[in-house]
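Reader: I have a model open on my screen and would like to learn how to read it. Could you take me through it feature by feature?

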Amino acid sequence: MSLAALLEALPIPILQAPMVGASSDAMALAVSRAGGMGSIGAGAAQPDAIGAAVEKLRAQTDAPFGVNLFVVPPARPDGAVVAEALERLAPWYARVGSPLPEAPNDFAPDFAAQFEALIAAAPPVASFTFGILTGDQVEALHRAGTYVVGTATTAAEARAWAAVGADGICAQGFEAGGHRGHFLAEPDASLVGTLALVSTVRAAVDLPVIAAGGIMDGKGVAAVLALGASAAQMGTAFLLSQETAISAPWRAAVAGAKDDSTRLTRAFSGRHARGIENRFMREMRVSENDVPAYPVQNRLTQPLRAAGARAGDPEVLSLWAGQAVSLAREGEAGEMVKRWWAEAGDAARSLVQRTGRNT
Ligand SMILES: Cc1cc2nc3c(=O)[nH]c(=O)nc-3n(C[C@H](O)[C@H](O)[C@H](O)COP(=O)(O)O)c2cc1C
């Protein structure tokens with residue numbers, strides 16, 4: 001078996017994007033059961049939670065699923081940098097009536113320990129973003145029986161993943177909601193649209209490509225399959241599903257989003273990410289290049305975002321969503337996947353009709 005064969009054998013080549021803070025075990029299960037492929041967003045999970053999540057899903061379905069991690073080195077920021085970053089956030093904490101937190105000791109779960117837990121859990125597929133594995137790490141996953149998918153935002157990143165032995169590439173276009181997965185070039189040089197990225201990655205590497213970014217319905221699924229992608233990965237399209245884990249104010253912002261509501265920002269986390277623009281994004285724009293890099297800023301804004309969610313205040317929340325968020329609809333995740341696949345069939349048939357005309 002290969003990853004290409006696994007994707008080819010899926011009854012529905014739609015992958016539910018792993019989404020820390022937004023996807024859920026129930027969402028992954030519903031999508032895998034419906035014939036697509038669900039994913040567990042484990043980037044923020046403590047290592048001991050990873051095995052339990054994989055076992056739980058495996059116990060409920062024989063269908064394949066993925067687990068996603070963030071490849072980030074341990075953060076050891078200077079105390080003065082943390083103090084300055086907290087000072088910058090003070091008015092925002094005051095706004096939600098929360099005390100400014102103490103400087104934390106830990107900024108993110110330890111990647112090495114998460115990776116060990118992943119190897120032990122041996123899910124069918126593991127995907128990675130924010131960085132790249134070594135060839136030895138990829139081999140270790142292969143020995144465990146796990147296929148490796150690397151996120152790429154440029155053809156160069158796809159080549160880098162191919163060079164370490166990855167089995168497939170998740171090509172993340174500019175349109176995508178949530179954090180950008182770039183790890184080679186500057187963010188500005190890594191903002192390639194999904195259409196251009198899938199085509200250039202296909203030309204660059206001989207690996208199955210999973211297209212992500214701006215795919216909201218069956219027409220989008222058909223479009224990326226026509227480009228040569230092996231599957232479509234959808235995130236924002238699941239944000240209003242019954243299985244969503246997002247808070248009530250985030251849900252309301254998604255439901256009310258317009259065609260031009262999203263922007264990129266690094267103010268929340270120290271890494272560029274796309275979300276619905278709010279007051280925090282607008283007012284922090286002047287200093288967003290000064291905030292400490294991920295995961296430090298992400299950790300420092302965590303209590304603020306949690307307080308905002310509790311208070312129902314969307315202006316201090318990271319409202320991650322993709323460019324086409326205005327097309328997000330409510331529904332049950334498994335039913336949504338089945339409907340999108342039926343729509344993709346309709347789109348393919350009308351394309352065949354169109355291309356068959358005059359010949
Ligand atoms: C709320 C949200 C959270 C996300 N979290 C993750 C994550 O934890 N890991 C990851 O690899 N990608 C994450 N992404 C990016 C998705 O994998 C994918 O690239 C993106 O959703 C595709 O674009 P779309 O949102 O337009 O469908 C997230 C996206 C969203 C919208």
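**Reading the model**

Author: Helix α2 (residues 25-34) is mostly covered, with seven of its 10 residues buried. Helices here (H or I, at least four residues) and strands (E, at least two) are DSSP runs, numbered from the N terminus. A residue is buried if 20 or more other C-beta atoms lie within 10 Å of its own, exposed if 12 or fewer, and partly exposed in between, with C-beta atoms placed from the backbone. This is a predicted model: local features need pLDDT of at least 70, side-chain atom pairs count only at pLDDT 80 or more, and totals for chains, interfaces and linings use all residues. Residues are numbered from 1 along each chain as its sequence is written.

Reader: Which residues of α2 are buried, and what do they pack against?

Author: The buried ones are Met-27, Ala-28, Leu-29, Ala-30, Val-31, Ser-32 and Ala-34. They pack against β1 (14-16), β2 (38-41), α3 (47-60), β3 (65-70) and α13 (333-356). Just after α2 comes Gly-35, with a positive phi of about 115°.

Reader: How do I read the chain as a whole?

Author: Start with the counts: the chain has 13 helices and 11 strands. Its radius of gyration is 20 Å, close to the 21 Å that the globule rule gives for 359 residues, so the chain is as compact as a globular protein of that length. The radius is taken over C-alpha atoms, and the globule rule is 2.2 Å times the number of residues to the power 0.38. Buried residues make up 52% of the 359 residues. Of the contacts with a separation of 6 or more, 70% are between residues 24 or more positions apart. Two residues are in contact if their C-beta atoms, placed from the backbone, lie within 7 Å.

Reader: Which strands are joined to β6?

Author: Strands of a sheet pair through backbone hydrogen bonds, either parallel or antiparallel. Two strands pair if DSSP finds at least two bridges between them. β5 (residues 147-152) runs parallel to β6, joined by four bridges, and Val-149 has Gly-168 as its bridge partner in β6. Four bridges also join β6 to β8 (residues 209-212), again in parallel, and there Cys-170 has Ile-210 as its bridge partner.

Reader: What does an antiparallel case look like here?

Author: Look at the open sheet of three strands, ordered β7-β11-β10, with antiparallel pairing. Its edge strands are β7 (178-179) and β10 (262-265), each of which pairs on one side only. Between β10 and β11 (residues 273-276) there are four bridges, and Leu-264 stands opposite Arg-274 in β11.

Reader: How do I read a single side chain's surroundings, say at Trp-341?

Author: Find its element, then count neighbours. Trp-341 is in helix α13 and is buried, with 20 other C-beta atoms within 10 Å. Leaving aside neighbours within four places in sequence, Trp-341 is in contact with Ile-12, Ile-14 and Gly-218. Trp-341 and Gly-220 are 121 residues apart in sequence and 10 Å apart in space, C-alpha to C-alpha.

Reader: Last one: how many residues surround the ligand?

Author: There are 28, and the closest are Met-19, Gly-177, Gly-178, Gly-235 and Gly-322. A residue is near a molecule if its C-beta atom, placed from the backbone, lies within 6 Å of it.
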